[in-house]
Amino acid sequence: MQQTIDTEILKQKLSGITDSLGYLMPEAVLVAFLLLLLLVDLIAKRKGTFWLISLSLVGFIVHLLALYQQWEILSQNQEPLLLMDMLRLDGMGIFFKGIFSLAGIFTVLLNIHYRTGIEEGESETLRGVGEFYVILYGLLLGASLMVMSVNLLMLYLSIEMLSICSYILTNFNFDKKSAEAGIKYLLFGGLASGLMLYGISLIYGFSGTLLLESPELIPGLSQIPAIALIPALLLIAAGLFFKISAVPFHIWAPDVYEGAPTPVVALFSIVPKLAGIGVLLRFAGFFADLQIQMASLEWQWIASIIAIITIVVGNFAALSQPNAKRMMAYSSIAHSGFLLIGVIAYTEFGTYAVMFYAAIYLLMNFAAFLMIKMISRRTGYEYIKDYKGLGKEWPLLGVLMLIVMISLTGLPPTAGFTAKLFIFSALWQTYQSTDSTIMVSLLLIGLLNTVVSLFYYLKIPYYMFFKQKEKVVEKQSFGQKGEMNAYRTIKATEKVLSFVLVAPLLILFFKADWLMELIKLIHF
Amino acid sequence: MYFLIGMWGGPRREYAAIKFFLYTLLGSIFILIAIIGLYVSVIDPVETALSLGLAPSGKAVTPQLIGQVQQMLAEGQIASEKLVRTFSMVAMTDAGNFIPGTLLSLLSQATLLGMSVRLWAFLALLIGFAVKLPAVPLHTWLPDAHVEAPTPISVVLAGILLKIGAYGMLRTAYSIFPEGAVYYAWWIGLFGLIAIIYGGMNALAMKDLKKLIAYSSVSHMGFILLGLASLTVEGISGSIYQMFSHGLISSMLFLIAGVLYDRTHDRMIAHYGGLTTRMPYFTGLVVIAFFASLGLPGFSGFIAEVLVFLGAFNSATLNQLLPRWMPILATFGLILGAAYYLWTLQRMFFGTYYVRETSWTAKLKDLNVREYIMLVPLAIAVVAFGVFPQLLIDMMDATVSNFVYYVNTTGQENLQIMFK
C-alpha cells in the first residue's frame, strides 16, 4: 500500500519535472553549448580558437532566441513554478537573462582582441583558451538560475555555481596579481557563502520550509522573536550583498578588478551584480510581506543604511585611486548603491527603474572597460596619470571615453542621467508614501555623491585632453618603430564595437521610452 | 565650458575648470532634486485628458475641459496609470495640476524637519541657481574661472552664463513656488545686500584687473537679487534690466582686460600707469565702460540700478517684504563701485606714463580695427540703453506687471493655506 503511494508521488514528481523542461529552453541551450564547447576544445586541441569563439557567439544568439520563445510561452501562461517549485519563471527573470546573454556576447567580443591569458608575442599554445568559454557559459547558467530561484537551497546552489566559475575566471591572467586576487575572492566568497548557508538553515529551522513563496513560511517566521529572526535574515542578505559588492562586503572587489583580465572584470561588474540585484528584488517582496506580520522588521531602513554607506564609501574611495581598473571597481561599488535604491523603493516603477539602470549600466561598463583595455593594450599603462595627451593622439577614443564617463557620472545628455532620474523618482515616490527620514537622506546623499563622482570620472578625460604628453624615449630600435606605429592605430572592429556600446547611451537619453516600453512589455 | 576653460585657459586653468564644474554641478543637483519632486507630483492636464479619452486631440482640449480634469484629479477620480506626468513648467505653475497627496501639493501640508516641503523645493531651486548667478557665499568659482579663462570665454561666461541664474530663478523658483518668493524675500534681499557690499569691498582690494572686474560682477549680481527680492514691478524690471545691461558692460570690461593682456601678457593694475598718453582712444572706451559699470546716469547700468532701488524702497510700503535699511545700505555699494573704478582709472590710465618693463612700450599701441569692431558697438548699446530705457521696458512691462501681481497674490494665498 505504502509503496503504491510512493510510486504515485514519484510519478507526479517525474511528470512535473518533464513538464517543466519545456519552459526551460534557454537554460537547456546554455548547458548544450557548454558541453559542445568542452567537446570542441578537446577535439580541436590548440587550433580551435576560431571555432570556440564563433561557437560561443552562436550559442548566445541561440540563447537570446530561446529567451524570446520562453517569453512567448510566458505570455500565454501565469508565471509557472518549475522543477518542483524550485524556479519561478517571470518577466523580470527573462529580462535579466537577456542582459546576461548580452554581457556574454560583449565579453567574448572583448576577448577576441585581447585573448585572455595570452600576452603579446606569447604563443597561443600556452594556456587554456577553450576553458575560458566553457567557464563563461557555466557562470551565465548559474546567474540565470539565480534570478529564477524561489527556493533558498536552489538559490544557494546557483550562487555557488556562479561563484566557483568566478574564482576560476579571476585567475585567467596567470600571473601573481591575478592569483592573489583569485585566492582573496575565493576566501571572502567562501565565508560569505558559509554565512548565507547558515542563515538559510536558521530560516529552515524556524519555519520548516525553504520555499520563498510557501504559505507556511511567513506565518512560521512571524512566530519567531525578532532578535533571532533578524540576524538570520541579515546572514542571507550578507551573501547577496557580497555578490553585488555592497559595503561592508566589498573588500574583494578592488583587488579582483585589478588582478583579473579586463573582459572578465567587465563581466564581473555586470553579471554577478545584476543577478544579486534580481534576487534582492525578489526578496524585497518577501521582506515586505513579512513586515506586515512583524512591524519591527524595518527592512527598508536597514537596506537604506547599507545603500548610503555603499554610495559614500564607493565614491570617496574612488577619488584617490591611481589605477583605472581599481577606480572602476569603486565606481561599480557606488553603482551597486544606486541599484539598491531601486530595490528599496519597492514599487512597480522602482523595478522598472532598476531594469533600466541595469541595461544602461551594461553598456556603460563594457564601453569603459573596452576603452581601458584599448589604451593599456597600446601603451601598457593602466594608471590614469599615464593617459596624458592620449585624447589628442586618438581624438575619437577620447570623445567616446568622455561620453562614457559623463554617462557614468549621470549627466545629461546621456542615458546614465535618465537611469539615475528614474531611480531617484522611484525613491521620491516611496518617500512620499512612507514619509521616512532615512529615504530623504538617501535621496540627498545619493544625489550629492554625483558631484563627488564627477571629480574622479572626469579625471580620465582630464588627463587625456588637458595634460600634454611627455616625450617618451622610445626604447625600440629604429627598425621596429614602423611596426610600433601600425600597432598604435585603432582597429576597425574596435571602433565598431565601441560605437555599438556608446551610441545607445546617447540615443536612449532622447528616446528613453523605447527601452522603458520594452521593459514594460517583458514584465507586463 | 569646462573644456573651454580647461584647454585654452591660463596657468591655473585646470584648477579653475574643475572648480567651476564641481560648483555648478552641485547647484544643478539641487535643481535636479526639485525637478524630480515636481515630475512625480505634477500632471499635464492636456495629455491626461487625452489619455482619459475626454478629447480626440490636443487641439480640442478647452480650458473648461482642463478645469474638469483638475476637478477629477482633486477628487481622486483618475486612476494612477491614466495620469500623464510632465516636466512642463507651465503645468507646474498651476496648483490645480499637483496630484493630491503628493509632497509638493499645496494641500498636503507635508513637512520635512519642521518646514514645508514646498519651501524646501523653493530653496533647492534658489540655491541651485544662486550658484550659477553667483550669489555671495557660493561665488568663489567666479573669480578663478574668469581669471583663468581666455578673453572670449570670459565674455561668454559673464555675458550669457551668469544670466542663467537669475533667469532660472524667475522662471522656475518664483513662478512655481510663489509662496517661497514671498516667504524668503527678506533673506534673498539680505544676501543681495551682502553680495553688493562684499563684492565691492573685494574689488577694491584686487591687484589683478580681471579679478577686479569679476568681483564687480559679483556686486552687480547682488543688485539682481535685491531687485528680485523686492517683488515690485520696478524691482523685477530693474533686475531684468541689470541682467541685460551687465551682459553688455561686463563683456566690454573683459574685452578691455583682453586688449591689455594681448599686448603685454600682464594684467596687474600696479604694472601700468598713465596709459592715456600711449592709448588715448582705448582710454576713452575704458572710461565709458567703467562709468557705465559704476552706474553713472546716461548709461544702461544707471537705469538698472535706479529701478532696483526704486523697487527695493517701494517694497516697504507696497508689500512689506524688505525693510528700508536694506536699500539704504545697498547704496554704499554704489559708492564702493565708484571708488574702485575711479581709483583704477587713476592708477592705470592717468598720471605719468609708467610700465613695469620697458619692452612693453613698443607693444602698447592703440586699438586696431578688430578691437574697434568689438568694443564700439557695445559702447553704443550701453549708451543707447541708458538714454532710451523704454526700448527694453516697453517690451517687458506687461509681462513683469502680470508676473509681479501673480507672485504676490498667489504667494500670499498659498502661504495662508499652508500656515492656517
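In chain B of this predicted model, helix H12 (residues 233-264) packs against helix H17 (residues 369-387) at about 150°, with the axes 10 Å apart. Axes are lines fitted to C-alpha atoms over the stretch in contact, and angles between N-to-C directions run from 0 to 180 degrees. H12(B) and H17(B) are therefore roughly antiparallel (over 145 degrees).

**Helix contact**
- On the H12(B) side, the contact residues are Ser245(B), Leu248(B), Ile249(B), Ser251(B), Met252(B), Leu255(B) and Val259(B).
- H17(B) contributes Glu371(B), Met374(B), Leu375(B), Leu378(B), Ala379(B), Ala381(B), Val382(B) and Phe385(B).
- Contact means that C-beta atoms, placed from the backbone, lie within 7 Å.

**Chain B overall**
- Chain B has 18 helices and four strands (DSSP runs: H or I of at least four residues, E of at least two, numbered from the N terminus).
- A compact globule of 420 residues would have a radius of gyration near 22 Å, and the 24 Å of chain B agrees (taken over C-alpha atoms; the rule is 2.2 Å times the number of residues to the power 0.38).
- The C-alpha trace spans about 80 × 45 × 40 Å along its principal axes.
- Of the contacts in chain B between residues at least 6 apart in sequence, 79% join residues at least 24 apart.

**Conventions**
- Residues are numbered from 1 along each chain as its sequence is written, while chains are lettered from A and ligands numbered from 1 in the order written.
- Local features need pLDDT of at least 70, side-chain atom pairs count only at pLDDT 80 or more, and totals for chains, interfaces and linings use all residues.

Technical notes:
Angles under 35 degrees count as roughly parallel, over 145 as roughly antiparallel, 65 to 115 as roughly perpendicular and the rest as oblique. Two residues are in contact if their C-beta atoms, placed from the backbone, lie within 7 Å.
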